[in-house]
Amino acid sequence: MKLSGKTVLVTGSSQGIGQAIALRMAQEGADVVVNYHSHPGEADDVKAQIEGLGRRAVAIGADLGSVSSVNQLIADGVTAFGKLDILVNNAGVEKNAAFWDVTEKDYDFVLNTNLKGPFFATQAFVKYLQGRKSPGKIINISSVHEDLPFPHFTAYCASKGGLKMMTRNLSIELAPLGITINNIAPGAIETPINTALLHDPAKLNALLQNIPLQRLGQPGDISSAVAFLASPEADYITGTTLVIDGGLTWNYSEQ
Ligand code: BGC
């Protein structure tokens, strides 16, 4: 087990990739703070599954768009198990709209959840680690769209591009504190964020044509990489993005 004795907070872990990460962390021996926004029932279910694995878990709700709520989440996470070693900024949302139709409400929802939340959760976590003079690890779940254009998802792409630069900047600023920070960039993973696409055969087929490995990714494809980046095996890795996309990003063919 890679994470025995560690405690981990995973934002947005009531479902999808976050849920898989929370469970994998527990399988690796960690106690887990499960965080949710809109799905308390699912979060309780994840908590029960983690306890079934013999680890401790707590489910805490938070609004990642509010700095006071994020600070409270980190504080409550620390209180739950007496310490926090690893932060996984996973929570993310997207809205499909032509650029000229994007509303302020939808822009704020996407940027607040995907960028402001990770920014201030990381800040609160770093302040906590500073006070305790402890090293730590931060893993952000970004997207291939931190680099790759995605028409009709401009706010989403802006948030993920911002997360990439946050990671690069902080890798330098946090290194003297013994804190590493990395991104994972999933491609098309089968989760609730993709429900509409999964039920549209034409769109799904077009997407699969772009994926050299010819399948959608599974949440487990991402959580295994998080387990690695969270472990001492990754101590010398910081400021980078690990792309997990079945080859999608650099796929180009003329035929
Ligand atoms: C998005 C999905 C999209 C995938 C591949 C992800 O970041 O959340 O909606 O299918 O990238 O384009």
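Modeller: In the side chain of H145, an N or O atom is 2.7 Å from an oxygen atom of the ligand. That is a polar contact, meaning a pair of N or O atoms within 3.5 Å; within protein, one must be able to donate a hydrogen and the other to accept it, and residues adjacent in sequence count only if both atoms are side-chain atoms. Y156 also places a polar side-chain atom 2.7 Å from an oxygen atom of the ligand. For E94, the distance from a polar side-chain atom to an oxygen atom of the ligand is 2.6 Å. The ligand taken alone exposes 310 Å², and the protein buries 90% of that. Such accessible areas come from the Shrake-Rupley method with a 1.4 Å probe; for residues, only the protein chains shown count as cover.

This is a predicted model, in which local features need pLDDT of at least 70 and side-chain atom pairs count only at pLDDT 80 or more, while totals for chains, interfaces and linings use all residues. Residues are numbered from 1 along each chain as its sequence is written, and side-chain values use heavy atoms, with hydrogens and water left out.

The shell around the ligand consists of E94, S143, H145, F150, Y156, G187, A188, I193 and N194. A residue is near a molecule or strand if one of its heavy atoms lies within 4 Å of it. By class, the shell has 4 nonpolar, 4 polar and 1 charged residues. Here Ala, Val, Leu, Ile, Met, Phe, Trp, Tyr, Cys and Pro count as nonpolar, Asp, Glu, Lys and Arg as charged, and the others, Gly among them, as polar.

Y156 is also among the residues that line the largest cavity, together with K95, A97, V102, D106, Y107, V110, H152, F153, T154 and A155. The elements that give two or more residues to this lining are α4 (104-132) and α5 (154-174). Helices (H or I, at least four residues) and strands (E, at least two) are DSSP runs, numbered from the N terminus. The lining divides into 7 nonpolar, 2 polar and 2 charged residues. The largest cavity has a volume of about 70 Å³, and the structure holds 1 cavity of 30 Å³ or more. On a 1 Å grid over the protein atoms alone, a cavity is a set of points where a 1.4 Å probe fits but cannot get out, and lining residues have an atom within 4 Å of a point. Grid points are joined across faces, edges and corners, and a volume is the space filled by probe spheres set on the points.

A97, one of the lining residues, sits in the loop between β4 (86-89) and α4. Its relative accessible area is 22%, so A97 is partly exposed; buried means under 20%, exposed over 50%, and partly exposed in between (1.4 Å probe, protein chains only). The C-alpha atoms of A97 and H152 are 4.9 Å apart, although 55 residues separate them along the chain.

I184 belongs to strand β6 (residues 179-186). With a relative accessible area of 0%, I184 is buried. Its C-alpha atom is 9.6 Å from that of N90, 94 residues away along the chain.

V8, in strand β1 (residues 7-10), is likewise buried at 0%.

Two loop residues remain. K133, in the loop between α4 and β5 (136-141), has a positive phi near 50° without being a glycine. K133 is exposed, at 75% relative accessible area.

Note on methods:
1 Å grid on protein atoms, 1.4 Å probe; cavity = no way out; pocket = protein on both sides within 12 Å on 5 of 7 lines; lining within 4 Å.
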